[in-house]
Amino acid sequence: MSELAKNNKTVTVKMLKKYLKEKYPNRQTAQIYLKVLENFDENELVPDLILENLLLDEQDFRVDA
């Protein structure tokens, strides 16, 4: 489903799952999206629409060295 990630070039399903579990402020929304993400491979890029719906972008996942 990576063809659905036209703008997202770096955020994988695994990264988003971790973010939803540890940092996303709305627990109910996080639980819904965690369930949805079960349909994707861990290393697959997250579809743009999911990131947009969660009001997230690649900058939310940056790790400053």
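Leu55 is exposed, with a relative accessible area of 75%, where exposed means over 50% relative accessible area, buried under 20%, and partly exposed in between, for a 1.4 Å probe and protein chains only. Leu55 belongs to the segment after α3. The phi of Leu55 is near 60°, a positive value in a residue other than glycine. Most residues other than glycine have a negative phi. These values come from a predicted model, in which local features need pLDDT of at least 70 and side-chain atom pairs count only at pLDDT 80 or more, whereas totals for chains, interfaces and linings use all residues. Residues are numbered from 1 along each chain as its sequence is written, and side-chain values use heavy atoms, with hydrogens and water left out.

The chain has three helices and zero strands; helices (H or I, at least four residues) and strands (E, at least two) are DSSP runs, numbered from the N terminus. From the N terminus on, the order of elements is α-α-α. The C-alpha atoms of the chain fill a box of roughly 30 × 25 × 20 Å along the principal axes. For 65 residues, a compact globule would have a radius of gyration near 11 Å, and the 11 Å of the chain agrees with this. The radius of gyration is taken over C-alpha atoms, and the globule rule is 2.2 Å times the number of residues to the power 0.38. Of the 65 residues in the chain, 38% are buried. Among contacts (heavy atoms within 4.5 Å) with a separation of 6 or more, 74% are between residues 24 or more positions apart.

Helix α1 spans residues 13–22, and its buried residues are Val13, Leu16, Lys17, Tyr19 and Leu20. These residues lie on the same side of α1, because they cover an arc of only 165° around the axis; the arc is that of the directions from the helix axis to the C-beta atoms. The cover over the buried residues of α1 includes α2 (27–37) and α3 (48–53). On the face of α1 turned away from its buried side are the exposed residues Lys14, Lys18, Lys21 and Glu22. Lys14, placed in helix α1, has a relative accessible area of 52% and is exposed. Between the C-alpha atoms of Lys14 and Asp41, which are 27 residues apart in sequence, the distance is 8.3 Å.

In α2, the buried residues are Ala30, Tyr33, Leu34 and Leu37. They are on the same side of α2, since the arc that they cover around the axis is only 110°. Their cover includes α1 and α3. The face of α2 turned away from the buried side carries Gln28, Ile32 and Lys35, which are exposed.

Thr12 lies in the segment before α1 and is buried, with a relative accessible area of 17%. Leaving aside residues up to four places away in sequence, Thr12 touches Glu42, Asn43, Glu44, Leu45 and Val46. The C-alpha atoms of Thr12 and Asn43 are separated by 5.5 Å, although these residues are 31 residues apart along the chain. Tyr24 is found in the loop between α1 and α2 and is buried, with a relative accessible area of 13%. Not counting residues up to four places away in sequence, Tyr24 touches Tyr19, Thr29, Ala30, Leu54 and Leu56. Tyr24 and Leu56 are 32 residues apart in sequence, with 9.8 Å from C-alpha to C-alpha.

The largest pocket holds about 170 Å³ of space. On a 1 Å grid over the protein atoms alone, a pocket is an open set of points with protein on both sides within 12 Å along at least five of seven lines, and lining residues have an atom within 4 Å of a point. Grid points are joined across faces, edges and corners, and a volume is the space filled by probe spheres set on the points. The lining of the largest pocket consists of Met15, Lys18, Tyr19, Glu22, Lys23, Asp60, Phe61, Arg62 and Val63. By class, this lining has four nonpolar, no polar and five charged residues. Here Ala, Val, Leu, Ile, Met, Phe, Trp, Tyr, Cys and Pro count as nonpolar, Asp, Glu, Lys and Arg as charged, and the others, Gly among them, as polar.

Definitions and conventions. On a 1 Å grid over the protein atoms alone, a cavity is a set of points where a 1.4 Å probe fits but cannot get out, and a pocket is an open set with protein on both sides within 12 Å along at least five of seven lines; lining residues have an atom within 4 Å of a point.
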